[in-house]
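Student: Please take a close look at the part marked in this model and describe it in one connected answer. State the cut-offs as you go.

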Amino acid sequence: MDSDLSPQDKKDLDKFIKFFALKTVQVIVQARLGEKINTCSSSSPTGSDWFNLAIKDIPEVTHEAKKALAGQLPGIGRSMCVEISLKTSEGDSMELETWCLEMNEKCDKDIKVSYTVYNRLSLLLKSLLAITRVTPAYKLSRKQGHDYVILYRIYFGDVQLTGLGEGFQTVRVGIVGTPIGTITLSCAYRTNLALMSSRQFQRTGPIMGIIIDHYVERPFTNMAHMHPCSYRAPGEDEGGTYAGIEDSQEVCTTSFSTSPPSQLYSSRLSYQTPALGTVDLCHPTACTAAAHPHQMVVPGKEGGVPQVPAQPTHGTAAEHGRIPSCPTGQSPQPAPPTSCSSEVKTVSPSDALETTFTRKVGAFVNKATTQVTTTSLDLPFAAFAPRAYDLQENDPMVHPPPSPAPSSPLQGSLHSNTSSHSGEQPQDDFVMVDFKPAFSKDDLLPMDLGTFYKEFQNPPQLASLSIDVSVQSMAEDLDSLPEKLAIYEKNIDEFDAFVDTLQ
Amino acid sequence: MNCRSEVLEVSVEGRQVDEAMLALLHTILLHRSTGKFHYKKEGTYSIGTVGTQDVDCDFIDFTLVRVSSDELDRVIRKAVAEFKDALGNSGSDGMGQISLEFYQKKKSRWPFSDECIPWEVWSIKVNVVNLANEQERQICREKVGEKLGEKVINIVEVINRHEYLPKMPTQSEVDNVFDTSLKDVQPYLYKITYQITDSLGTSVSTTMRRLIKDTLAL
C-alpha cells in the first residue's frame, strides 16, 4: 500500500501523524484545565510551532501521551483516545467524554503529504480548538474546584465508550485523507449526568436550617500565596525532570514553495533539534495537590516543576492524569439540599450563649462530623468565627479559589448566578444553628417562638387524608352502598319535605 | 467554479447580537486565516504562527475561540457594531442578515476594474427577540449558548469537507488571495456586508450594503 509513497513522504507523514496526535492531546487537556487559553500569533515562524499554530506543550501531558503511544502511531485499528472524566470530592467519578483519533482504510493516494495533508491537519486542529469549547464538559471544567475536578486519561487501542452512559452523543470534528488512510477525529460525550441526580435520592429531605457558610472563615485563608494556574517558561529544572524520557524535541520548520499554477508544487522540510531551553514549553503550575492542603506546593518555587498531584496510576495501557488546575470561581454545581439533622441544643438562653452543636458534613465533603463547642458573644454568628477545623486529608479540592478577575463585572456576577438552577453555594460544611426567629426572644416563657415553630413544623398527617384510612373506608363505602340506598329510598318523603323548607 | 454558500440562522435577544455575531464570524475566520507568509528565494515560503484566544461572552453562556489578532478583532467588531446599529434603527422586531464572503481577485486589464470572484459565502440570519423578564433572559442565555455551539459544529462540518480553496499564490499574487494588511495573521480576502429586513419580514425594503473591505470601487 505504501509503494506509491516515497520514503521521504512516508517519513514526513509519520512525523505529521505523531505530532498531530500529541498536539491533539494538548488541545483537549488544556481545554479542560478550567481556564481560558491565550496564545500569541507570531508573524515570524519560530520553527517550533507545529501546524503553524501556537499550541503550548505541557510536558506532563506530552509525557503521558508518549507513554500511551509507546512508540506506535495511531493507525488502522489502533486508535488514540483521550478520556475526560469528573471526580467529586466524595470519590465518585463519571466519564464525561472520549475524544478519539482514529484511522480508517480509505486512502487518498493523490494527496500531497507535505502540503495538503499538513494544511488540513492544521485546519483540523483549529476545528478541535473550537469544538472543545462547545461540548458540555467545557462548562463543567470551567467550574471545577471545590466539589469536583476533571481528570484525563490517554489510552491507545480500542475505543471504549461504555462508560459514557446511555444516549451519548457523538460529534465529528473532522477528517483528513492521507495516502495510508483517513484520519478521523471525533468526540463522544455523555448526555446523562445521572451521577448528580442519584446523589440527591440518597439524602434525606431538607430540614430547616441556615446555611451560614458565607460567615465561616475560610479554612485556608492563610494560604494566600497560592496563585492561579498560569503558564510559565520553564527553568532549567524541568529540563532535567524529563530529560531521560523525552527524545530530543523535534521541531518542524516547514517551508513551502510556490510556483505559477501550471507547475508542480514541491516542499522542503527541515528538522531541527534545538536545546530544550529554547522550546517554548509551558505548563501550568498546579495549585492543588492530593496531599494535605497545608502541604500544598507553592507555585513559583524552583521554576514551577510540574506538581504531581494525583499522578497517574500507571496501568498497562492507561494512565490517569490529573489536570492541575485552579477553580476559576464558585462552583455552581447543582448541589443537593443538605441533610443535617438538627442535633442542636441551646443551653439556658438567659446565660451567655454557649452553643454545642454537631456539625454534619454536607455535600461533596469527605470528613465526618466534628464536635465543636464555642462560646458566643452577643454577635449572632460569633459561634462560627475562628474555630479549629479538622482538616480533611487527601482532599484535593479543598482550597479557596483565588478567582481570576472576570472579563467584566457582569460576567463575574453572572457566572455565580447562572448556576444550573441552584441558588445556594455549598462550600465546606453545613452547620446547624439553633433557629432564632427575629424579635422573638422572650426570657419569661419556657417555650419561645423558635421552639414552638420547630415542634409544630411537621404536624402529623390528618387522619382523613391518610391513604390507608381512605382505602379502607372506600371499600367499606362500596359495601355499605346498597344498604344506604335502601334507607334513603324509604325516607324519601322526609328528604323532600326538608328540601321544601329550604326553598 | 461555483461559490459555495452556507446559511446559519440564530434568534437572539437584542444585547446578544454582538457576541453571537462575533462568535460565528470569528469561528469562521479562525479556519480561514493562516500565519503571515514569508517568501524566500527559489519560490519557497514559510508561514507564521497563528495564536488563539478564548473569549467568554457576557450575555451568552458561550466561550468563543478567535485568532489572536487585535487588528482583525477590531475590524470584525466594527462591522458587527454597524450591523447592530442598523438592526436597532430598523424597528423593534429586527431581522437581518450579515454575510461574510471570501473572494479572489482577478486582475483585469485597464480600464476594467479587478474582478472579485467569491468562492465561499457565509450568511448569518439574525432574528432579534424581545424578552419580558429576567427569568426568560436567563433561559435565553443558555439556549443561545447551546445554539451557537450547534452552529460552530455546523461550521466545522462544512469546513472539514475540504472543498475548494484557492491555490497558494506566488509572491506577486498573494494579494489576490489573502488579506496581507494585518501584521500578525493573514486571512483569505474577505468582505462583510449586511442587509436589514423590515419588521414585516416580507421583502427587503431597505438594502444597505456597506463594504468594509472595499475592493469594488475604483
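Tutor: Buried means a relative accessible area under 20%, exposed means over 50%, and partly exposed lies in between (1.4 Å probe, protein chains only). Because its relative accessibility is 8%, Ser123(B) counts as buried. The model is predicted, so local features need pLDDT of at least 70 and side-chain atom pairs count only at pLDDT 80 or more, while totals for chains, interfaces and linings use all residues. Residues are numbered from 1 along each chain as its sequence is written, chains are lettered from A and ligands numbered from 1 in the order in which they are written, and side-chain values use heavy atoms, with hydrogens and water left out.

Ser123(B) belongs to strand 8 (residues 115–129) of chain B; helices (H or I, at least four residues) and strands (E, at least two) are DSSP runs, numbered from the N terminus. Contact means heavy atoms within 4.5 Å. Leaving out residues up to four places away in sequence, Ser123(B) touches Glu6(B), Val7(B), Leu8(B), Gln97(B), Ile98(B) and Ser99(B).

Next, the side that chain B turns to chain A. Here 50 residues of chain B are in contact with 51 residues of chain A. Buried area is the accessible area (1.4 Å probe) that two parts lose on being put together, summed over both. For these two chains it is about 4300 Å², with 54% from carbon and sulfur atoms. Of the area that chain B buries against chain A, Thr49(B), Asp54(B) and His162(B) supply 16%, more than any other three residues.

A salt bridge is a side-chain nitrogen of Lys or Arg within 4 Å of a carboxyl oxygen of Asp or Glu. The rule finds three across this interface. Lys36(A) and Asp56(B) form a salt bridge through their side chains, at 3.9 Å from N to O. A polar contact is a pair of N or O atoms within 3.5 Å; within protein, one must be able to donate a hydrogen and the other to accept it, and residues adjacent in sequence count only if both atoms are side-chain atoms. Across the interface there are 19 residue pairs in polar contact, both residues at pLDDT 80 or more.

Several elements of chain B each supply at least two residues of the side that touches chain A, among them helix 1 (17–31), strand 5 (52–56) and helix 3 (134–159). Helix 3 of chain B gives the most, with eight residues.
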